[in-house]
Structures are given as structure tokens and as C-alpha cells.
Amino acid sequence: MELIKINLEIPYKKMDLSVPEGAAQLVCYLQQPQNMPVPRPAVIICPGGAYCHTSPRESESIAMQYLAAGMQAFVLYYHCAPAVFPCALFELAKSISIVRSYAAEWNIDPNQILVAGFSAGGHLAASIGCFWNQEFVYEPLGLVAENICPNGNILGYPVITSGEFAHRGSFDALCNGLDKKYLALTSLENQAGTQNPPTFIWHTNEDRAVPVENSFLYVAALRRAKVPVEFHMYAHGGHGLSLANEETKSDKDQALPKVQSWMELSIIWIKDLKNKY
């Protein structure tokens, strides 16, 4: 396996934002092309962390699972607070365009570039699914919509709504100091539509930090738009489970074999995408 690290320098022209220090980092986990004669799907992973940090529990361990399944995998360490919306969204959009531009060299199918995200990273992943065709995203980056279009979303216990069931900490970090219109814009159950890609979602019924109603609202919005969606709700388990195994559990978590099934289900779903949609 070859490990490539890419630093992204994101332009902020035409945006009233403070430029964060340093650059977002896209870490690429690539299998050698000679071992992969057929172009493979790519999964870009956005860790969670309430838009305050990017969790190490939702990054490389998940990438390794997709890599082992024969895919190319990427982890985006995007800017968090004090950076505000749409900083991280720009960084994800640029990451998709880079992966697509290197598709031939990295043996990737340019029509199978998916974005996975967890908790606040799920909000970021879902945001590109909602906003990839909006000028405010692609125009400042000097790109066209097709460059940044994800071919699928995988969302684990995602932050979605800024309404009744919001994870307030995530939206405080994402929209701090911005006009209240950004709270409405980033409440994604109101932004999902026919532009969204096929989506795989999982959540737990016992999640107290990001209530499962976030996923309910988003699934309902996708269904109204007739976007293909697969949703799994597990009865037990708290927030931030990642792979729900010994490797990724936190001190307060238990390994939950039943919840661990989400990874294999998502791999099957990805492999079915090309044939079904």
C-alpha cells in the first residue's frame, strides 16, 4: 500500500471569511494500480467532532476497512472552529475535485466517488450532497458543479437539523457569528432534493447527543425527492460509535457486534450502486 499526503490550499476569494491558519489535509490510502486492474470506488471520509475537531476514532480505522474491501480511501482533516461555514464545505468540494482529477492515475472510477461522514462530519458529507450544484460552492473554487458532485453519501449518526432535535454545539461552531440565515441554510432536511446522490444512513435509537430524529428527518426528505436511500437504526448504542469494535470504542463505549454490521452493509451497498442507480 502506498500512502500519499496532500495539503489543500483553499482559495477564499469573494467570501467574507477569515483564512484559517495552515491547510486542510487530505490523507490518501491507495492500493497499487497493478493490484487493481479494474477502476475502483473511492470513499472520502469526514470524521466527526462537533465542528470543533476531527475525531481520530472516525478516520484511519474506517479508511482501512474500505481499503481492505478493494476501494481507495481518503480522510479529510477539514478546518473546524473558529473557521465557520462554508470553510469545511469548500475543503471537501476541493477534495472531491482532486480525487476525480487523479482518477486515472489512482485507478478510481470517476463515477464512483463517495463521501462518508460521522456526526458533524456526517453533516459535512450531507452538505456536499445538498449543495454541490450551487454556485456559492463551486464558483469561488474555480470549478464546475460536475467536478465536485459526490456519487453517494454514507452517513453515520449524522448531525442534520438546526431545529428541535439539533446538536447545538455543532451549529454554534459551524455558524458562530454568522447571520441566522445560515442556521436555516445548514438545516439539511430543508435542503435535500433531487440533486442528492444515493445515500446510506445508520444511527442508534439510544443516541442522546444527536437524536435519531436527525436521520428520520433526512430520510423523509430524501424519500420525498425520490432519492435512493438505505437506512439502518440499531436499538442499542450511544453516540460516536465509529466501527463499534474494540479498536474504536471510547472509554464509555462497549463493543457492539450488531452495530458493527453497518460497515459490511455499506460495502455491499457501494458495490451495488453501479448496477442499481
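Student: Does Phe85 count as buried or exposed, and at what relative accessibility?

Tutor: This is a predicted model, in which local features need pLDDT of at least 70, side-chain atom pairs count only at pLDDT 80 or more, and totals for chains, interfaces and linings use all residues. Residues are numbered from 1 along each chain as its sequence is written, and side-chain values use heavy atoms, with hydrogens and water left out. Buried means under 20% relative accessible area, exposed over 50%, and partly exposed in between (1.4 Å probe, protein chains only). Phe85 therefore counts as buried, at a relative accessibility of 5%.

Student: How many aromatic pairs does a search of the whole structure find, and why is the pair of Phe85 and Tyr182 classed as it is?

Tutor: Rings of Phe, Tyr and Trp (its six-membered ring) pair if their centres lie within 6.5 Å; planes under 30 degrees apart count as stacked, over 60 as edge-to-face and the rest as tilted. The search of the whole structure finds 14 aromatic pairs. For Phe85 and Tyr182 the ring centres are 5.8 Å apart and the planes lie at 65°, so this pair is edge-to-face.

Student: Which parts does the pair of Phe85 and Tyr182 tie together, and how many residues apart are they in sequence?

Tutor: Helices (H or I, at least four residues) and strands (E, at least two) are DSSP runs, numbered from the N terminus. Phe85 lies in the loop between β4 (72-77) and α2 (87-101), while Tyr182 lies in helix α6 (residues 181-185), so the pair ties together parts whose separation in sequence is 97 residues.

Student: Where does Ser59 lie, and which residues does Ser59 touch?

Tutor: Ser59 is found in the loop between β3 (40-46) and α1 (60-68). With a relative accessible area of 3%, Ser59 is buried. Contact means heavy atoms within 4.5 Å. Not counting residues up to four places away in sequence, Ser59 touches Ile45, Pro47, Val75 and Tyr77.

Student: At what angle do the axes of α2 and helix α3 (residues 120-131) cross, and what is their orientation to each other?

Tutor: Axes are lines fitted to C-alpha atoms, for helices over the stretch in contact, and angles run from 0 to 180 degrees between N-to-C directions. Angles under 35 degrees count as roughly parallel, over 145 as roughly antiparallel, 65 to 115 as roughly perpendicular and the rest as oblique. The axes of α2 and α3 come within 10 Å and cross at roughly 70°. The two helices, α2 and α3, are therefore roughly perpendicular to each other.
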